[in-house]
Amino acid sequence: MMSEKSPPDKKNVLVVMAHPDDAELSSAGTLLKGIEQGWEVRYIVCTTGDKGTKDTSMSPFHLAEIREKEQREAARVIGVKNITFLRYADGGLEHNAGFRNEIALLIRKFQPELIITHDPWRPYQIHPDHRAVGFATVDAVVVARDHLFLPALLELELPAYAPLEIYFTFPPTPDHVVDITDVMDKKLEALEKHQSQLEHIPKWREGIKLMGSKLAEGETFTYAESFKRLPLTYQ
């Protein structure tokens with residue numbers, strides 16, 4: 001396993017996640033350290049998260065408004081200034097050509113060197129949105145890089161573009177570990193903005209720290225985030 005005390009030098013990073021809070025839960029520490037080094041980070045949040053509540057009095061419409069506001073506030077803590085909300089219904093994503101092409105268009109527009117997204121091959125990944133986003137993003141990389149896909153984009157001056165690598169979150173066999181010990185408190189501050197998701201979870205801070213410590217097992221530091229790294233240079 002390769003471990004790093006700080007992420008590699010990259011300038012443009014695109015984080016493609018299914019729901020508000022997925023980015024902070026999986027990658028906040030890595031993004032905080034990267035932004036310190038000059039990363040420019042943009043989020044794509046694919047759904048409104050309008051099903052994510054145990055409150056039986058909450059309407060999905062009001063919840064969607066709450067979660068978008070929470071996501072903006074959490075991103076502000078980290079230093080992420082740009083968010084694209086696709087606003088699909090929670091649980092309604094499908095891994096199809098339309099969704100894939102939408103992400104490919106944004107890859108061509110934003111031209112990230114690094115993409116961070118869900119690991120669609122994670123065993124027993126039961127949430128359909130996580131699977132759909134992971135697969136659609138991987139497929140979108142191919143569509144974005146090869147100019148004969150989506151020829152209309154050439155008319156919009158969005159030429160083919162190839163990212164350099166993908167980081168998959170929460171993989172079963174990580175090969176890239178980032179030391180987030182010195183930014184764990186900031187990660188917790190960002191996650192705290194997602195109150196609609198945390199208000200019914202006692203001791204959630206302790207749970208996040210426990211997860212970070214488990215991901216750092218065998219390393220010389222206390223807390224980590226881990227990824228499966230897929231270089232795309234020769235793909």
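Helices (H or I, at least four residues) and strands (E, at least two) are taken here as DSSP runs, numbered from the N terminus. By that rule, Gly207 sits in helix H8, residues 204-215.

Before going on, the ground rules. This is a predicted model, where local features need pLDDT of at least 70 and side-chain atom pairs count only at pLDDT 80 or more, while totals for chains, interfaces and linings use all residues. Residues are numbered from 1 along each chain as its sequence is written, and side-chain values use heavy atoms, with hydrogens and water left out.

Back to Gly207. Its relative accessible area is 40%, so Gly207 is partly exposed; buried means under 20%, exposed over 50%, and partly exposed in between, with a 1.4 Å probe and protein chains only. Gly207 and Gly91 are 116 residues apart along the chain, and 25 Å separates their C-alpha atoms.

Next, the aromatic rings. A pair of aromatic rings is described by the distance of the centres and the angle of the planes. Rings of Phe, Tyr and Trp (its six-membered ring) pair if their centres lie within 6.5 Å; planes under 30 degrees apart count as stacked, over 60 as edge-to-face, and the rest as tilted. How many aromatic pairs does a search of the whole structure find? Four. One of them is Trp121 with Phe135, edge-to-face, at 5.5 Å centre to centre and 85° between the planes. That pair links distant parts of the chain, 14 residues apart: Trp121 is in the loop between strand S5 (114-118) and helix H4 (128-145), and Phe135 is in helix H4. Phe135 is partly exposed, at a relative accessible area of 26%.

Then Tyr167 and Phe227: the ring centres are 5.3 Å apart and the planes are at 35°, so this pair is tilted. It too joins distant parts of the chain, with Tyr167 in strand S6 (residues 165-169) and Phe227 in strand S8 (residues 224-231), 60 residues apart. Tyr167 is buried, with a relative accessible area of 0%, and Phe227 is buried, also with 0%. Ring pairs also link Trp121, Phe135 and Phe168 into a cluster.

There is a charge to mention with the rings. Arg42 lies over the face of Phe110, 3.8 Å from the ring centre; the criterion is NZ of Lys or CZ of Arg within 6 Å of the ring centre and within 35 degrees of the ring normal.

Phe110 brings us to helix H3. Phe110 is buried there, as are Phe99, Ile103, Ala104, Leu106, Ile107 and Arg108. What covers the buried residues of H3? The cover includes strand S2 (12-17), strand S3 (40-47), S4, S5, H4 and helix H5 (152-155), where contact means heavy atoms within 4.5 Å. As for length, the 14 residues of H3 should span 20 Å at 1.5 Å a residue, and the end C-alpha atoms are 20 Å apart, which agrees; the expected span is 1.5 Å times one less than the number of residues.

Now a helix pair. The axes of helix H1 (residues 22-36) and helix H2 (residues 60-78) come within 9 Å and cross at roughly 35°. Axes are lines fitted to C-alpha atoms, for helices over the stretch in contact, and angles run from 0 to 180 degrees between N-to-C directions. On the H1 side are Glu24, Ala28, Leu31, Leu32 and Ile35, which meet Gln71, Ala74, Ala75, Val77 and Ile78 in H2. By class, this contact has eight nonpolar, one polar and one charged residues.

Two backbone angles deserve a note. Most residues other than glycine have a negative phi. Arg87 has a positive phi, near 60°; Arg87 is in strand S4, residues 82-88, and is partly exposed at 48% relative accessibility. Gln111 has a positive phi near 50°, lies in the loop between helix H3 (97-110) and S5, and is partly exposed at 34% relative accessible area.

Last, Thr117 in strand S5. Is Thr117 buried or exposed? At 0% relative accessibility, Thr117 counts as buried. Leaving out residues up to four places away in sequence, Thr117 touches Val16, Met17, Val133, Gly134, Thr137, Ile166, Tyr167, Phe168 and Thr169. Among them are Tyr167, from the tilted pair, and Phe168, from the ring cluster. The C-alpha atoms of Thr117 and Leu158, 41 residues apart along the chain, are 22 Å apart.

How values were computed
Nonpolar A, V, L, I, M, F, W, Y, C, P; charged D, E, K, R; others polar.
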